[in-house]
Structure formats: structure tokens, C-alpha cells
Amino acid sequence: MGNITCARIPSGRRVVVTGLGAITPLGRGTDTLWEGLTAGRCGIRPLDAPAFADHPIRIGGTVPDDPAKLLPKPQARRMNRAAQFALLAAREAWQDAGFAPSGTQDSGLDPDRVGVSLGTIIGGASVLVDGDRRLRDKGVRCVPPLTAPMTVPSQAASQVSLDLHVTGEARTVVSACASGTEAIGQAIDRIRYGHVDLALAGGAEAAVTPEVMAAFSAMRALSARNDEPGAASRPFAKDREGFVNGEGAGVLVLESEEHALARGARIYCEAAGWGLSADAYHLAAPDPTGRGIAAAVRRAVTNAGAEVTDVAHINAHATATVEGDLAEAAALRTVFGIEDGVVPVPVTALKGNLGHLQGAAGGVEAVATVLTLHHAVIPPTISCDDLDDAIPLDVVRNVARPLPEHGDLALSNSFGFGGHNAVLALRRR
């Protein structure tokens, strides 16, 4: 294997996490998310809607609360479902950071110094599909007038910007399942190098639709355990057979450390760095050697000004696909080595609880990784009773484990179709 070039240690401002928000298959709010993860609960459930009746796969990680009913009706009807999730998570994170619910101005902030950075994949594609259906069934005059603005993937970021009066910037990242993590990384750099002082960053997705489910079914990428949804997603397990499609949103409030200290904010941890790479290998399959993943991991650690020996925990991408889990394990072995037969860093995978939240996965899993550092507890991987012998990882299974006292860095991994690799490095305080 050739040499892997690592990014230089940045010289800009230190960035910290001061707010968290989430809406997931486990329910609404970060408290619900954390309680469910540490207790080993599963939010994967049957898809009972008539539209899924003829589908071979009828399970998904769906949010139990209708987001449209949690927002004022006139506001909700102008947003696609992913944007609704994003707004609910952003509002929670904003208030958790100590700001006024009405937004930047009533919080004493300069709105030009605040940004939004959100990742997604599908965005409002279901709105476009519905418009096409209306066009075919009823004609051109029956296509809703807001179809175009509700379809674009950037609607989630724009709706958060509108709601909280954020005028610094509102960016959208679309890089397959790495989107949420890359969006957080970009926000880190925007703060680090002085473009903004504060940002809401994460991911949102609402892709549990008949069309998307049919597409993934055609790829044979999904778990077919319709009769046992609570054990359908089995990261790292010997009997894993595919991922479970999910939805939701996770958002962090990031700000420069000096800004947070000046206002007396509660600080969860440092958003220390991030790393990107591309496999350049295949349209959908990961490079089985894990070289691209290893590069992203090393770049994140270096970007955080750290060494691999500083890593105390890894929140794995681990979708429960056979090839994906093996590639990630190979990469972690390459980076961290083997001691007593395993990679000497405790790993957990949360897609057994949540399913794969697509563009939202990086945001939600970053929230969970922040909470892991904050509480010094690693939530367990569920539905992995029989670990694959080809995966030499110290997987935290079935019962939560204390975070090791040595090392101060935790990594959150996200990888996507086409070889997009993104890794977030968080440092405990």
C-alpha cells in the first residue's frame, strides 16, 4: 500500500460543541436518543402503510412522531419531511445552547456571523415524485405551486436559516451517506478560519418512501427480516445481511471557543477536526482494502492535532452490509493495529438501534458521540450476538461500557456510495 498523506494541523480558532438536537426512530429529542441507545432499545418497526404492502422489504427506521404535527400547519405545509426534521432538531440544539427560541437577534447575536451547514441525499425527492404522479393522473394544473422549492435538497438548510434568522450562510452538502459528517466538518472550518463565529451543523433525511425502498430492494442491499424488525439491522454480526433504511435529523451547535466562553456557554466537547477521502473504486461497493477509509481516519486525527494513540472510542459507520463492515474493520486494523487479536479501541455501531439514516446518519451519530464523551459512557451495539470472525474489533455489545480513561479523542465515521469517506474527531474536555 502506498503512502497516505495527512492534512496539516490547522492553526485557526478552536471549535467547541455547545448545543445538541435530534429526532430519530427512537423518538424526539436527545434525551430520548441517549436513553434508548444506552438501554439498547431499537426504533426499527414495520412499514404498515398500504404503499408498502407489495414490497419485499416492509421494515424501516421511521420516526414515531409526525413532524408536520409538531410544527404550525402553515409552516409545515411549505416544507418537505426532511426539512421538518431538520428544523425540529435545529430548534432543540439552538435552545440547548442557551439561545432564544426566536433566533439570532433576540439571542444578542449578529446574524451575519452565524451559519447553517446541513447534509442530505434525497432532500425533497418524494415531493417531486408526488408532483409527477399528479401530473400523470390529473394534468399540469394539479401540480402544487411549491413543488420546486420543496424538492431541492437545500430546503432543510434554508428553512433553518429562515426560522432562526441566520444570514451568515446556509450551505448544503450532498455526498451520499457521508453528507451529515462532511457538513459538520465544513462548519468546523468555517468557524476555525473566522468566516462565522457559530453554526448549526448536521444532517437530515426522509427517504423511507416506496420508491427509495424499491430501489434499495432491487440492489439487494436491505435486510429482509420483516418478521423481526427489532433485530433486523445487525452491525458486525456474522449473520448480517443488509441495512435497514431510516430517517430523522441530528444537529450540533458549533462555535469558536472564545465566543462560547465569552457568553458563559456550557461546552460539551471540542470539535477538534475532520478528514475526507475518496475510494475511487466502485459506484456502490467500498474498496475492500479499506485504504480510503484509513486515509480519512488518519486525516481526521491529524487535523485534530493528535496521534492515533489518543483515540479512546470509535462510533463506526457499520451499516450491517457484509462488504461495508469488512472494509471498515480492515481500515481500523490498518490505522490502529492489533493487540491480543483485536483493534485496541472500543467500537460501537448504532444502526442496530436506528437503521441507516442516510444523509442524517452523520448528524445523529455525531450527537451520540458527543454524548458518549460528555457522559463517559459508550452505548452498546445491539443485535450482534455472534461477532463475525473476520472482524477483529473490540465491539461494545449488548451492555454499555465506561469510556476508557486514557485517550481524549472519539471518532464518528461515515461512508457513502461512490467512495465518499468522512470522519469527525471530537475531543473531551
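Student: Okay, which helix does Q84 lie in?
Tutor: Q84 is part of helix α3, which covers residues 81-96. Keep in mind as we go that this is a predicted model.

Student: And is Q84 buried or exposed?
Tutor: Buried. Its relative accessibility is 6%, and buried means under 20%.

Student: What is Q84 in contact with, leaving aside its neighbours within four places in sequence?
Tutor: With that stretch set aside, Q84 is in contact with P67, A68, L71, A76 and M79.

Student: You said predicted. What's the mean pLDDT of the chain?
Tutor: The mean is 95, and 98% of the residues reach 70 or more.

Student: Where is the pLDDT below 50, then?
Tutor: Over residues 1-7. That stretch has 12 contacts in the model beyond near neighbours in sequence.

Student: New topic: helices. At what angle do α10 and α11 pack?
Tutor: Helix α10 (residues 291-303) and helix α11 (residues 322-336) pack at about 50°, and their axes are 8 Å apart. Because of that angle, α10 counts as oblique to α11.

Student: Is the crossing left-handed or right-handed?
Tutor: α10 passes α11 in a right-handed crossing.

Student: Which residues make that contact?
Tutor: From α10, you have I293, A294, V297 and R298. On the α11 side there are A327, E328, A331, L332, T334, V335 and F336.

Student: How do those divide into nonpolar, polar and charged?
Tutor: In the contact of α10 with α11, eight residues are nonpolar, one is polar and two are charged.

Student: Where is D340 found?
Tutor: D340 is in the loop between α11 and β11, and β11 spans 343-348.

Student: Buried or exposed, that D340?
Tutor: Exposed, because its relative accessibility is 84% and the cut-off for exposed is over 50%.

Student: What about phi of Q358?
Tutor: Phi of Q358 is near 55° too, again a positive value in a residue other than glycine.

Student: And the place of Q358?
Tutor: Q358 sits in the loop between α12 (351-354) and α13 (361-375).

Student: Is Q358 buried or exposed?
Tutor: Q358 has 5% relative accessibility, so it counts as buried. D340, on the other hand, counts as exposed.

Terms used:
Residues numbered from 1 in each chain as written. Predicted model: local features only at pLDDT ≥ 70, side-chain atom pairs only at ≥ 80, totals over all residues. Heavy atoms only, no water. Axes fitted to C-alpha atoms, helices over the stretch in contact; angles between N-to-C directions. Helix = DSSP H or I, 4+ residues; strand = E, 2+ residues; numbered from the N terminus. Parallel < 35°, antiparallel > 145°, perpendicular 65-115°, else oblique. Left-handed = near helix turned anticlockwise from the far one by under 90°. Contact = heavy atoms within 4.5 Å. Nonpolar A, V, L, I, M, F, W, Y, C, P; charged D, E, K, R; others polar. pLDDT = per-residue confidence, 0-100. Buried < 20%, exposed > 50% of the residue type's maximum accessible area, 1.4 Å probe, protein only.
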